[in-house]
Amino acid sequence: MLIGEVSRRSGVSARMLRHYESLGLVRPSGRTGSGYREYSAEDIRRIFHIESLRSLGLSLQEIGRALDDQGFTPSALVDDLIRRTRDRIAAETELLTRLRRIHAAEPVGWEDVLQVVALLRALASQSAAERQRAALSSGDEVPVPVDALVEAVLGEPEPNVAGALRWALARSGGGTALLAEGLDSPVAAVRERAVRALAEMPGDEATAQLRGALANRDGTVRGHAALALGTRGVTDAVPALIDMIVEGRNDTDAADALGALASDTATADRIATRLVDRLAHDVTGAPARGRLTQALADIPGTTASRALVDLSHDGDRAVALTAAYLLRLRDAR
């Protein structure tokens, strides 16, 4: 079969077939009387093998070795191809993400594009000071894409930089849904960064995500969500806040949040009743009972007062003394 017919059947151009021949990959088995290359069925089969290996990303040099070295084992080469392909995909994915973020910033001119690129690089800098400057300057001229800020927030280990990033994200007014995805991260630090950022986000959407976080499997997430909801006046946080007091996790802040939530008589009485129920039925151990007693201090109303009177006669002397002291403080107000 002559080269033109081989090219038509294989889809490989005559020029490429000649290139293969120059590299020694395919050598036509014969020549016609007029000197034209003539390919055998075995030659054509070899051409298809070459094209198959090219489709896997092998270089022509690697293909030649694979086809001619009888002792060649492909596993190492295939492993290397997998690694190279993963690296290439990662690089292309990173480039695509960067381009999408630049597009989301809606640059008017090339100067805007360069500013966005500079900010994105600064957010990924090894220098904490540079990352912090980028966070504080974001949005002044060209806005940083929200997903870039969320990514930075979830990955930032430095407290000062993290605070600046949360401020920048809250100012941007977006990213709530992306932060909520971070609540289910397998990495505990990422979950905590996500809930802390949500706690600083304004609006109903952030409040809804924080409500959902009250059921999170991570106690740290539940605690931050409960404290944030307490400052927003959301009484759904009361059970989680009481759990924090019992467990001794940020119990002082949790008690303060309960006091802030007890802004009307009905709510104050419900909170006091919950505290008393935990004291009566669920809690063993003096430290936890003492913390629950102290939490009644900032709960107004008759329910809390009656509870403190009863506790002033408690069998646990520390609880009784604490309750009596709190009663004197209430009487002095």
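Buried means a relative accessible area under 20%, exposed means over 50%, and partly exposed lies in between (1.4 Å probe, protein chains only). By that scale, Gln209 is partly exposed, because its relative accessible area is 26%. This is a predicted model, in which local features need pLDDT of at least 70 and side-chain atom pairs count only at pLDDT 80 or more, while totals for chains, interfaces and linings use all residues. Residues are numbered from 1 along each chain as its sequence is written, and side-chain values use heavy atoms, with hydrogens and water left out.

**The chain as a whole**

- The protein chain has 19 helices and 2 strands; helices (H or I, at least four residues) and strands (E, at least two) are DSSP runs, numbered from the N terminus.
- The protein chain is more spread out than a compact globule, because its radius of gyration is 35 Å, well over the 20 Å that the globule rule gives for 333 residues. The radius is taken over C-alpha atoms, and the globule rule is 2.2 Å times the number of residues to the power 0.38.
- Along the principal axes, the C-alpha atoms of the protein chain fill a box of roughly 120 × 50 × 30 Å.
- Of the 333 residues in the protein chain, 41% are buried.
- The accessible surface of the protein chain is about 18500 Å², and carbon and sulfur atoms account for 51% of it. Accessible areas come from the Shrake-Rupley method with a 1.4 Å probe, and for residues only the protein chains shown count as cover.
- Contact means heavy atoms within 4.5 Å. Among contacts in the protein chain between residues at least 6 apart in sequence, 52% join residues at least 24 apart.
- The protein chain carries 41 positive and 46 negative charges, whose mean positions are 5 Å apart. Lys and Arg count as positive and Asp and Glu as negative, with His and the chain ends not counted; the place of a charge is NZ of Lys, CZ of Arg, CG of Asp or CD of Glu.

**Helix α8 and Leu149**

- Leu149 belongs to helix α8, which covers residues 146-155.
- Leu149 counts as buried because its relative accessibility is 2%.
- The buried residues of α8 are Ala148, Leu149, Val150, Ala152, Val153 and Leu154. Their cover includes α5 (74-104), α6, α9 (159-172), α10 and α11 (188-199).
- Apart from neighbours within four places in sequence, Leu149 is in contact with Ser138, Val144, Leu165, Ala168, Leu169 and Ser172.
- Leu149 and Arg217 are 68 residues apart along the chain, and their C-alpha atoms are separated by 26 Å.

**Thr176 and Gln209**

- Thr176 lies in helix α10 (residues 176-182), and it counts as buried because its relative accessibility is 6%.
- Beyond its neighbours within four places in sequence, Thr176 is in contact with Leu198, Met201, Glu205, Ala206 and Gln209.
- Gln209 is part of helix α12 (residues 204-213).
- With neighbours within four places in sequence left aside, the contacts of Gln209 are Thr176, Ala180, Leu183 and Leu198.
- The C-alpha atoms of Gln209 and Leu198 are separated by 7.7 Å, and the two residues are 11 apart along the chain.

- Ser125 is situated in the loop between α6 (110-123) and α7 (128-137), and it counts as buried because its relative accessibility is 15%.
- A polar contact is a pair of N or O atoms within 3.5 Å; within protein, one must be able to donate a hydrogen and the other to accept it, and residues adjacent in sequence count only if both atoms are side-chain atoms.
- The side chains of Ser125 and Glu130 are joined by a polar contact of 3.1 Å.
- A polar atom of the Ser125 side chain lies 2.9 Å from the backbone nitrogen of Ser127.
- Leaving aside neighbours within four places in sequence, Ser125 is in contact with Glu130 and Arg131.

- Asn250 is located in the loop between α14 (238-247) and α15 (251-261), and it is partly exposed, with a relative accessible area of 43%.
- Although not a glycine, Asn250 has a positive phi of about 50°. Most residues other than glycine have a negative phi.
- Gln61 belongs to helix α4 (residues 60-68), and it is exposed, with a relative accessible area of 71%.
- Gln61 and Leu25 are 36 residues apart along the chain, with their C-alpha atoms separated by 8.9 Å.
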